[in-house]
Amino acid sequence: MRLDGKVAIITGGSRGQGEAHARLFVAEGAKVLIADVLDEPGEKLANDLGDAAIYRHLDVSKEADWAAAVQATLDAFGTLNVLVNNAAIHHIVPIEQETREFFDRILAINLIGPFLGMQAVLPAMRAAGGGAIVNISSTAGIKGYYGHGAYGATKWGLRGLSKTAAVEFGPDGIRVNSIHPGPIRTDMMPQGEDSLARYKMLPLGRHGEPEEVAELVCFLASDASSFITGMEHIIDGGSTA
């Protein structure tokens, strides 16, 4: 029960990596507010997880939604110790063909969303005596990839924001780390035999599973990582080796 007594908000928690995080957190003793804009799967997941989980609609780009989610967490579970900024969108378009409209949208969700989330949880985490924030970035925040101008910009930005937050929040006992997944089997990963075959070229010879990322998130949320903050944690099967 690595997370016994912890209370967490997990954004983008209805499916994929977020769902894996939520399931593992509950299994490890945490109480979880699952936050997403996908209401039907989010509510179903919360029901599946029982009294340890609730669902809340949250558009991460809206400050009012964040305030409501934090308050709902406190009303349901009495405290807040962990924030997992997992919600994100992704597409592959060369910079020359990218639009200002989508660039603004991906910034709002992938970077401004975590920024607003960290602001929103600070008072509750201070009141709890500390906490842990885990920001899900990407290997696109470690190196450049073709067609990832907008997405990569948000993930590099989240990497830098996490480091600054770690410096600023550390005196309050709040740790902030970023995770940089490589190819993980979710809806974001390109499908088809040709797309999947390229992962055989990785050092480990395969793509990753959401549950493997969840294990790293759980570790960084737990007291086992109590002296780790401001760091990038890469989980990519060796793709950036």
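**Figure 1. Contacts across the chain of the protein.** Residues 24 or more positions apart supply 67% of the contacts in the protein that have a separation of 6 or more. Keep in mind as you look around that this is a predicted model. Of the 241 residues, 52% are buried.

**Figure 2. The fold from end to end.** Welcome to the overall layout: the protein holds 7 helices and 7 strands. Starting at the N terminus, the elements follow the order β-α-β-α-β-α-β-α-β-α-β-α-α-β. The C-alpha trace spans about 50 × 40 × 35 Å along its principal axes. A compact globule of 241 residues would have a radius of gyration near 18 Å, so the 17 Å of the protein agrees with that.

**Figure 3. Helix H2 and its buried side.** Let us zoom in on H2, which covers residues 39–49 and has Gly42, Leu45, Ala46 and Leu49 buried. Seen down the helix axis, the buried residues of H2 fall within an arc of 100°, and therefore they line one face of the helix. These buried residues pack against helix H1 (16–27), as well as strands S2 (31–36) and S3 (53–57).

**Figure 4. The other face of H2, and what follows the helix.** Turned away from the buried side of H2 is a face with the exposed residues Glu40, Lys44 and Asn47. After H2 comes glycine 50, with a positive phi near 80°.

Key:
Residues are numbered from 1 along each chain as its sequence is written. This is a predicted model: local features need pLDDT of at least 70, side-chain atom pairs count only at pLDDT 80 or more; totals for chains, interfaces and linings use all residues. Side-chain values use heavy atoms; hydrogens and water are left out. Buried means under 20% relative accessible area, exposed over 50%, partly exposed in between (1.4 Å probe, protein chains only). Helices (H or I, at least four residues) and strands (E, at least two) are DSSP runs, numbered from the N terminus. The arc is that of the directions from the helix axis to the C-beta atoms. Contact means heavy atoms within 4.5 Å. The radius of gyration is taken over C-alpha atoms; the globule rule is 2.2 Å times the number of residues to the power 0.38.
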